[in-house]
Amino acid sequence: MFIEPFIGAKNKKDKKGHIEVICGSMFSGKTEELIRRLNRALIAKQKVEIFKPSIDTRYHDLDVVSHNENAIRSTPVNFADDIILLAGDCDVVGIDEVQFFDNQIINVANTLANSGKRVILAGLDMDFEGKAFEPMPQLLAIAEYVTKVHAICMKCGDLASYSFRLSDTKEKVVLGEKESYEARCRKCYYEDKKT
Ligand SMILES: Nc1ncnc2c1ncn2[C@@H]1O[C@H](COP(=O)(O)OP(=O)(O)O)[C@@H](O)[C@H]1O
Ligand SMILES: Cc1cn([C@H]2C[C@H](O)[C@@H](COP(=O)(O)O)O2)c(=O)[nH]c1=O
Ligand SMILES: [Zn+2]
């Protein structure tokens with residue numbers, strides 16, 4: 001379990017910001033872990049703002065919702081830069097589904113952290129083809145703290161780090177849930193991967 005480097009106790013005016021990234025496959029618990037950290041910051045009476053890309057309306061227009069229906073209120077944004085304007089004077093910024101932002105999210109994360117905020121980003125590290133999901137590799141590079149979480153392989157029950165797409169669609173962005181994707185371990189993912 002991730003132990004927060006500091007939470008509410010530090011003197012606000014000389015607080016240093018930093019970036020945390022939570023990554024992994026679909027169903028690996030990224031959103032649950034994001035919600036857990038944000039709820040703990042709220043308990044510590046920190047001012048928290050949460051964002052998600054407006055493209056992601058799978059469960060709810062406003063809430064960030066995990067696959068097991070944990071939820072936290074968020075602000076959907078069209079562009080990464082909107083987050084700078086909307087974050088205001090908060091202490092903690094949480095962003096879910098970061099893989100759906102363009103590379104400007106890297107500058108946004110740095111700007112927020114450099115202004116003293118704790119920035120927590122959650123998203124897919126790989127797409128359905130088993131390739132890096134930009135801009136995640138760059139976010140991993142600039143983060144002070146990285147957590148990779150794992151799902152359970154739907155074929156063999158081992159730990160899973162791949163998101164296997166059940167349909168033949170080749171577009172990179174296809175929103176979906178259990179009807180469209182399965183968490184798989186390396187072996188089970190490559191056994192059935194379409195070339
Ligand atoms: N194959 C799976 N492996 C692990 N958890 C799964 C799986 N399929 C469904 N779940 C559910 O998904 C939850 C995690 O959901 P969530 O935090 O939204 O994941 P992510 O954001 O990584 O997609 C788990 O607590 C569990 O209830
Ligand atoms: C692998 C992969 C996934 N997606 C989509 C499918 C879901 O809508 C989200 C991921 O959600 P989660 O919270 O991580 O379960 O991304 C996609 O568009 N392209 C892909 O390659
Ligand atoms: Zn497997």
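Biologist: Over how many bridges do β6 and β7 pair in the parallel sense?
Modeller: First, a heads-up: this is a predicted model, where local features need pLDDT of at least 70, side-chain atom pairs count only at pLDDT 80 or more, and totals for chains, interfaces and linings use all residues. Residues are numbered from 1 along each chain as its sequence is written, while chains are lettered from A and ligands numbered from 1 in the order in which they are written. Strands are DSSP runs of E with at least two residues, helices are runs of H or I with at least four, and both are numbered from the N terminus. Two strands pair if DSSP finds at least two bridges between them, and for β6 and β7 the number is four.

Biologist: How many of the seven residues of β7 are buried?
Modeller: A residue is buried if 20 or more other C-beta atoms lie within 10 Å of its own, exposed if 12 or fewer, and partly exposed in between, with C-beta atoms placed from the backbone. By that count, β7 (residues 118–124) is mostly covered. The number of its residues that are buried is seven.

Biologist: Okay, over to β2. Which residue of β6 is the bridge partner of Phe51?
Modeller: Strand β2 (residues 48–53) has both faces covered, with Val48, Ile50 and Lys52 on one side and Glu49, Phe51 and Pro53 on the other. It runs parallel to β5 (residues 75–77), with three bridges, and there Phe51 stands opposite Thr75. It also runs parallel to β6 (residues 92–95), with four bridges. In β6, the partner of Phe51 is Ile95.

Biologist: Which residue does UniProt list for "active site"?
Modeller: UniProt positions use the numbering here, feature names are shortened, and annotations may be inferred rather than shown by experiment. The unreviewed entry also has a "binding site" annotation, covering residues including Met26, Thr31 and Glu97. For "active site", that record lists Glu97.

Biologist: Is Glu97 buried or exposed?
Modeller: Glu97 lies in the loop between β6 and α3 (104–114). Residues are in contact if their C-beta atoms, placed from the backbone, lie within 7 Å, and Glu97 touches Lys52, Pro53, Asp56 and Gly123, not counting residues up to four places away in sequence. With 21 other C-beta atoms within 10 Å, Glu97 is buried.

Biologist: In which helix is Thr31 found?
Modeller: Thr31 counts as buried because it has 25 C-beta neighbours inside 10 Å. Beyond its neighbours within four places in sequence, it is in contact with Val64, Ser66, Asp96 and Ala122. The helix is α1.

Biologist: Which element gives the largest share of the shell around ligand 1?
Modeller: A residue counts as near a molecule or strand if its C-beta atom, placed from the backbone, lies within 6 Å of it. Here 15 residues surround ligand 1, and the closest are Lys30, Thr31, Ser66, His67 and Ala151. Two elements give two or more residues each, α1 and β9 (151–152). The largest share, three residues, comes from α1.

Biologist: How many charged residues are in the shell around ligand 2?
Modeller: Of the 14 residues around ligand 2, Met26, Asp127, Phe128, Ser163 and Leu175 come nearest. Ala, Val, Leu, Ile, Met, Phe, Trp, Tyr, Cys and Pro count as nonpolar, Asp, Glu, Lys and Arg as charged, and the others, Gly among them, as polar. The shell has seven nonpolar and three polar residues, and the number of charged ones is four.

Biologist: Zooming out, what is the radius of gyration of the chain?
Modeller: The chain has five helices and 12 strands. The radius of gyration is taken over C-alpha atoms, and the globule rule is 2.2 Å times the number of residues to the power 0.38. For 195 residues that rule gives 16 Å, and the chain is close to it, so it is as compact as a globular protein of that length, at 17 Å.

Key. Contact = placed C-beta atoms within 7 Å.
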